[in-house]
Amino acid sequence: MKKRFLAILVLTCILIMTACGGEETSVDIRWWQKTNVYEVYVNSFQDTDGSGYGDLKGITKHLDHLKELGVGALWLTPVFESPMDDNGYDVADYYKINPTYGTDEDIDQLFEEAKKRDIRIVMDLVFNHTSNKCKWFVESEKSKDNEYSDWYIWRDAKPDGSEPNNWRSIFGGSAWTWSETRGQYYLHTFAVSQPDLNWENEKVRQALYDVANYWADKGCGGFRMDAIPYIKKPADFSDGTPDDIDGMTGIHNMTANTEGILDFLKEFKKHVQDGRDIFTVGEANGVAASELDKWVGENGVFDMIFEFSHMDLEFAGGKEIWGKAKAWKLTDLKKALSDSQRATETNGWYPIFFENHDKPRSIDHYFPEDADPVLAGRAMGTVLMTLRGTPFIYEGEELGYKNIAWPSIDDYNDLSSHNQYKTAIEDGLSESEALDCVHRFSRDNARTPMQWDDSDNAGFTTGKPWLPIHDDYKTENAESEAKDPASVLSWYRKLAKYRGDTSVLIDGSYREIMADSEQVYAFVRENKDDKLIIAVNFTGEPVDLDLSEAGVEDPSSAKIVHSSYEDTDTETAQVDKLRPYEAVIIGNN
């Protein structure tokens, strides 16, 4: 009887282990972990009415372009009613569509047509601040004792009439602006026209949850949460230590990720996300890799967060002062990426991104000035599509766009570019040097209109574009690149399909190799069934490739699955060298 019991017990254990894949347990992969996300900067995607600004109908028109990139979620920059001081990130009414972009019917049609293609719409929620034209602020400014009086952050002047403290806004200048109407200063982390909401007020929080639930009920697939680190302010509004820029102190250092912020965000999760099949991704600049477990995963507040350690390599300590940018090495970039990969290895998920509407183009950011833009674009796309996490493709990135370099600061629309230019000159730089900084880092680099073909205005608009078209549109456009198998777009499409068909790129582990190399970024993706090695040469010189850390002692025992060089013979190519800016995906024979 005892032997029979033991036999049954052993058999039961075997069956359980078989069902779970032996020592490997099945991983619950959600829909948003298996797809690609595409960010549309609405102003610049496609204009259908000749206004010069992109619109919702223009997005609907190009949904098939996105589908070919493996896109299952489409993140829209804010489409809410706005005076457009900051291109929609100054919201006047969260329930109304900006007339520049279309109508309620247009957003409904976009939802409907996207759903037909298994694409879900992700709304951009700007909840740290509103426009000063928002009804809430207009009422709050009227008096100190009305229904909305405590919906924003108001403070009295110092005895000498000056600002309540020495905080500098993200866009430069004081973070406080005087209101003659109310007789107090209000706080704005960003522009004067973007007053910060008071999240300490429960009514404010509930109003914001109502907004999110309204859009979730309409069927959106998730939310990107803008400027989240700043929603919680410290109890003490005293001066910070003056820095050497202008005698003030950056507001980021005084307010970002203040203790108690996670309590607010847990409340948001409970009131909005719980019970819904949606994802959230927070813009959380300043969150270190070591802190990610508090922000994402089972016990976190978001499914993913955008943290910027790999994007802000030039600006240590949260001071993004373009005139004081520092040099960085490839090992700095690799360490930042690997730290984030390891931090989300067993808890949470990583949003892979190298571009967005606030940063310069990745080709110019990560590669030498003289790098071949097509090879660099294909190399960067390889890293994007093969790291562990959900790839976020930014509008035009799939076409290999580069920065612009307009001859005058007056040519730039971006608020921060003008403020940074002014700060650089005040700090002793010449006008030419200050303009060079703008060329490198301006947000307008990523905001020039999408180039669809080689017709007038690149097929973006029949009117005057709100921002000039990049002068390379005759050759760098979606129509021509779709016909060219060696283009950046063709490479993105190939990798998107490959990623979708290759489970190890979804659920496989990540391990960096050649960590000390200043030329090559290489890593291994592995699950119980498969192993791939990805290697990218970030230099313009041929380099040796040592894969011994990945278990490849003999190069002939491995095979190139994909190379960013079109002339590669994957049957015979050796894996012991990389050509300039070459990216390869290597598998076992």
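Select Arg 155 and Phe 237: Arg 155 lies over the face of Phe 237, 4.3 Å from the ring centre. Keep in mind that this is a predicted model.

**Aromatic pairs**

The count of aromatic pairs comes to 41. Start with Trp 154 and Tyr 186, an edge-to-face pair with 5.7 Å from centre to centre and 70° between the planes. Trp 154 belongs to strand 6 (residues 154-155) and Tyr 186 to strand 9 (residues 184-187), so the pair ties together parts that are 32 residues apart in sequence. Both Trp 154 and Tyr 186 are buried.

Next, select Phe 306 and Phe 353. These two rings also form an edge-to-face pair, 4.7 Å centre to centre, with 70° between the planes. Colour by secondary structure to see where each one sits. Phe 306 is in strand 13 (residues 304-306), while Phe 353 is in the loop between strand 14 (351-352) and helix 12 (362-366), so this pair ties together parts 47 residues apart in sequence.

Then select Phe 80, Tyr 94, Tyr 95, Phe 127, Trp 136, Tyr 148, Trp 151, Tyr 214 and Trp 215 together. These residues form one aromatic cluster.

**Salt bridges**

There are 36 salt bridges in the count. Select Lys 232 and Glu 200, whose side chains meet in a salt bridge of 2.7 Å, N to O. Lys 232 is in the loop between strand 10 (222-226) and strand 11 (249-250), and Glu 200 is in the loop between strand 9 and helix 7 (202-217), so the bridge ties together parts that are 32 residues apart in sequence. Show the surface at this site. Lys 232 is buried, with a relative accessible area of 14%, whereas Glu 200 counts as partly exposed at 44%.

Move to Arg 361 and Glu 355, where the side chains form a salt bridge of 2.6 Å, N to O. Arg 361 counts as buried at 1% relative accessibility, and Glu 355 is buried with a relative accessible area of 4%.

Now select Asp 364 and Lys 402. The closest N and O atoms of this salt bridge are 3.0 Å apart. It links distant parts of the chain, with Asp 364 in helix 12 and Lys 402 in the loop between strand 15 (390-394) and helix 14 (415-426), 38 residues apart. Asp 364 counts as partly exposed at 28% relative accessibility, and Lys 402 counts as partly exposed at 25%.

To see salt bridges that share partners, select Asp 86, Asp 358, Asp 414, Arg 443 and Arg 447, which are joined into one network.

The last stop is Glu 481, in helix 16 (residues 478-483). Show the surroundings of Glu 481: leaving aside neighbours within four places in sequence, its contacts are Glu 398, Leu 399, Glu 476, Ser 487, Val 488, Leu 489 and Ser 490.

Key: Residues are numbered from 1 along each chain as its sequence is written. This is a predicted model: local features need pLDDT of at least 70, side-chain atom pairs count only at pLDDT 80 or more; totals for chains, interfaces and linings use all residues. Side-chain values use heavy atoms; hydrogens and water are left out. Rings of Phe, Tyr and Trp (its six-membered ring) pair if their centres lie within 6.5 Å; planes under 30 degrees apart count as stacked, over 60 as edge-to-face and the rest as tilted. Helices (H or I, at least four residues) and strands (E, at least two) are DSSP runs, numbered from the N terminus. Buried means under 20% relative accessible area, exposed over 50%, partly exposed in between (1.4 Å probe, protein chains only). A charge sits over a ring if NZ of Lys or CZ of Arg is within 6 Å of the ring centre and within 35 degrees of the ring normal. Contact means heavy atoms within 4.5 Å. A salt bridge is a side-chain nitrogen of Lys or Arg within 4 Å of a carboxyl oxygen of Asp or Glu.
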